[in-house]
Amino acid sequence: MDEGTEYVKKFDLEDRTFDFANNCKEFLKKIDKSIHNIEYYKQLVRSSGSVAANFIEANESFSRNDFVHRIKICRKEAKESRLWLRLIDINELSEAQRALLIQEATELMKIFGAMLEKIKSN
């Protein structure tokens, strides 16, 4: 693989959304399984996976309206993932990892928002 290919792959949004969902899953393996955390755990698994799944669906959409709809769902699910990440009770050792996941959810929200703004202006 040459340097140019690695650069493109590193910034591929389909890979990035997959990595976000996978990183959330790995983070959850390390948290306390208290009753309320289990509910947040389930919600985070769903919402982070939904970001990735809906982005794949957006890339396969048949119309502009379908694409816009899927990107809106991606943005909504990234925002929801950020909520669940904030609500989960964790120990201090996991705080840095949670902060990185919250940052990634926020960046994904901004990316999807920018995509929607660009589509609206065209």
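Helices, as the term is used here, are DSSP runs of H or I with at least four residues, numbered from the N terminus. By this numbering, Glu 77 is found in helix 4. The structure described in this report is a predicted model.

**Overall architecture**

The chain contains five helices and zero strands, and its elements follow the order α-α-α-α-α from the N terminus on. Along the principal axes, the C-alpha atoms fill a box of roughly 45 × 35 × 20 Å. Of the 122 residues in the chain, 35% are buried. Among contacts between residues at least 6 apart in sequence, 75% join residues at least 24 apart.

**Helices 4 and 5**

Helix 4 has 24 residues, which at 1.5 Å a residue should span 34 Å; the distance of 35 Å between its end C-alpha atoms agrees with this. The corresponding check on helix 5, residues 95-121, also gives agreement: its 27 residues should span 39 Å, and its end C-alpha atoms are 39 Å apart.

The buried residues of helix 4 are Phe 67, Val 68, Ile 71, Ile 73, Cys 74, Glu 77, Ala 78, Ser 81, Trp 84 and Leu 85. The elements that cover these residues include helix 2, helix 3 and helix 5. In helix 5, the buried residues include Arg 98, Leu 101, Glu 104, Ala 105, Leu 108 and Phe 112. The buried residues of helix 5 pack against helix 2, helix 3 and helix 4.

| Helix pair | Angle | Distance between axes |
|---|---|---|
| Helix 3 and helix 4 | about 160° | 8 Å |
| Helix 2 and helix 5 | about 150° | 11 Å |

Helix 3 covers residues 35-59 and helix 4 covers residues 64-87, and the two pack at an angle of about 160°. Because of this angle, helix 3 is roughly antiparallel to helix 4. The crossing of helix 3 and helix 4 is left-handed. On the side of helix 3, the residues in contact include Tyr 40, Leu 44, Ser 47, Ser 50, Val 51 and Phe 55; their counterparts in helix 4 include Phe 67, Ile 71, Cys 74, Glu 77, Ser 81 and Trp 84. By class, the contact of helix 3 with helix 4 is made up of 13 nonpolar, six polar and four charged residues.

Helix 2 and helix 5 pack at an angle of about 150°, and helix 2 is therefore roughly antiparallel to helix 5. Their crossing is left-handed. The residues that helix 2 brings to this contact are Leu 13, Arg 16, Thr 17, Phe 20, Asn 23, Cys 24 and Phe 27, and those that they meet in helix 5 include Arg 98, Leu 101, Ala 105, Leu 108 and Phe 112. The residues of the contact of helix 2 with helix 5 divide into ten nonpolar, three polar and four charged.

Glu 77 belongs to helix 4. Its relative accessibility is 11%, so Glu 77 counts as buried, the cut-off for this class being under 20%. With residues up to four places away in sequence left out, Glu 77 touches Ser 47, Ser 50 and Val 51.

Cys 24 is found in helix 2. Cys 24 is buried, with a relative accessible area of 1%. When neighbours within four places in sequence are set aside, Cys 24 is in contact with Leu 44, Ser 48 and Leu 101. Although Cys 24 and Arg 98 are 74 residues apart in sequence, their C-alpha atoms are 8.7 Å apart in space.

Arg 64 lies in helix 4. Its relative accessibility is 47%, so Arg 64 counts as partly exposed. Arg 64 touches Ile 119, Lys 120 and Asn 122, again not counting residues up to four places away in sequence. Along the chain, Arg 64 and Ile 119 are 55 residues apart, and a distance of 8.9 Å separates their C-alpha atoms. Ile 119 is itself one of the buried residues of helix 5.

Methods: Residues are numbered from 1 along each chain as its sequence is written. This is a predicted model: local features need pLDDT of at least 70, side-chain atom pairs count only at pLDDT 80 or more; totals for chains, interfaces and linings use all residues. Side-chain values use heavy atoms; hydrogens and water are left out. Axes are lines fitted to C-alpha atoms, for helices over the stretch in contact, and angles run from 0 to 180 degrees between N-to-C directions. Angles under 35 degrees count as roughly parallel, over 145 as roughly antiparallel, 65 to 115 as roughly perpendicular and the rest as oblique. A crossing is left-handed if the near helix is turned anticlockwise from the far one by less than a right angle, and right-handed if clockwise. Contact means heavy atoms within 4.5 Å. Ala, Val, Leu, Ile, Met, Phe, Trp, Tyr, Cys and Pro count as nonpolar, Asp, Glu, Lys and Arg as charged, and the others, Gly among them, as polar. The expected span of a helix is 1.5 Å times one less than its number of residues. Buried means under 20% relative accessible area, exposed over 50%, partly exposed in between (1.4 Å probe, protein chains only).
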